[in-house]
Amino acid sequence: MRILYFTQMGRLLTGSGTYRDIVLNEMNKRHTVKIFSLPEDYEGDWDIAHVLDLKHANLKYLQKLRCPVIVDIHDYYWTQFYPFPCPDLPLRYILQKVRKWKYSKILKKAQAIIIHSEYMRKKISHPNTFVIRLAIDTDGYNYTSDQRDENLILFVGRDYFRKGLFTLIKALPLVLEEIPSARVLVIGPEYLHSRLVARFLSRNLPIEFINGLSPNDVREYFYRANVFVLPSEIEASGIVLLEAMAAGLPIVATNVGGIPEIISHGINGLLVERGDSKQLAASIVASLRSGKVERKIDLRDHPIWVEMFSPEIMVESIESVYQKIISMNLAV
């Protein structure tokens, strides 16, 4: 196949960036691939065009194409307004309205959409919707490592407050009552205003912030931590959960969005209710106290391992979508 990809260039320190890199790397081995960069690319004899993230789509560009268009969607937060504790709630309200208007127009141009959790199917309507599970490459992960910093709680992700940092800050004093040596490390690229508010709210608490690292650098901290926490207010899927699992970390996450499709309570993590700082604290304490036992469980015995830790299966599923849409287009 001849495939034209639309994506943001350069290094992306997010889950969508990890996904993009895997797709491009694998598809380059199998097909003729080009990343859109010049107006001349419109005139190419492409079999299909794939927008790797709806956020990077431009309707003006897509309308000039003469081939079917597939749009990848990594979140549903633009479909309606989701209020939660954050320093920029009014701005989020405005942006949600603008994005819904913009994205709805783009999706009308798309012959198909790819989403990454069944939960998202409920939130986004399109006649040709395909759910393809996110996957990561586990090469380089060694989750039997015992080089852990005692009682280190790890939080990784962009958009601190959407991912529940406020709830974690409220939970930490309760954790410290049980485990005084506990501390939190927050890693992720974040806007200045959110970083400032987060630091103010966490003053006098043992929380350290690192404003974004490369995936390889972040991996080092997965080995050092004793528990990974993702107390999201809303979450489409969460590729960072796969990374934590690959590193053998106990996981505590909220029972929202697509997270329960990755984390089975009591099997490969603990699920808590959104915004419940007491329940979050209790689950963190339980995970810290039993973490060494949990890491003896071989997660490769769990059925989700094959699906979620195989980039080959993910890419083959994407290829299948391409072939279906091309066939549908030829039949018209």
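Helices here are DSSP runs of H or I with at least four residues, strands are runs of E with at least two, and both are numbered from the N terminus. The model is predicted, so local features need pLDDT of at least 70 and side-chain atom pairs count only at pLDDT 80 or more, while totals for chains, interfaces and linings use all residues. Residues are numbered from 1 along each chain as its sequence is written, and side-chain values use heavy atoms, with hydrogens and water left out.

**Ser283, continued**

I noted that Ser283 counts as buried at 11% relative accessibility. Buried means under 20% relative accessible area, exposed over 50%, and partly exposed in between, with a 1.4 Å probe and protein chains only. Leaving aside neighbours within four places in sequence, Ser283 is in contact with Val252, Leu270 and Val272; contact means heavy atoms within 4.5 Å.

**The six-stranded sheet**

I traced an open sheet of 6 strands in the order S9-S8-S7-S10-S11-S12, with parallel pairing. Strands S9 (207-210) and S12 (270-272) are at the edges with a single partner strand each, so one side of each has no neighbour in the sheet. From one strand to the next the twist averages 20°. Two strands pair if DSSP finds at least two bridges between them. S7 (residues 152-156) and S10 (residues 227-230) pair in the parallel sense over 2 bridges, and Leu154 stands opposite Phe228 in S10.

I then checked two helices against this sheet. H7 lies across S7, S8 (183-187), S9 and S10, and runs at about 150° to S7. H8 (residues 239-246) lies across S7, S10 and S11 (251-254), and runs at about 170° to S10. Axes are lines fitted to C-alpha atoms, for helices over the stretch in contact, and angles run from 0 to 180 degrees between N-to-C directions.

Ile70 stands opposite Ala112 in S5. In S5 (residues 112-115), Ala112 and Ile114 point one way and Ile113 and Ile115 the other way, and all are buried. In a regular strand the side chains alternate between the two faces of the sheet.

Val321 lies in helix H11 (residues 311-331). I found Val321 buried, with a relative accessible area of 4%. Not counting residues up to four places away in sequence, Val321 touches Ile70, Ile114, Phe130 and Ile132.

**Two asparagines with positive phi**

Asn151 has a positive phi of about 60° although this residue is not a glycine. I placed Asn151 in the loop between S6 (129-131) and S7, and at 10% relative accessibility Asn151 counts as buried. Phi of Asn204 is near 70°, also positive. Asn204 sits in the loop between helix H6 (192-201) and S9, and at 79% relative accessibility Asn204 counts as exposed.

**The second largest pocket**

I looked up which residues line the second largest pocket: there are 18, of which Thr18, Ile22, Asp137, Pro215 and Arg219 lie nearest its centre. On a 1 Å grid over the protein atoms alone, a pocket is an open set of points where a 1.4 Å probe fits, with protein on both sides within 12 Å along at least five of seven lines; lining residues have an atom within 4 Å of a point. The largest share of the lining, 7 residues, comes from H1.
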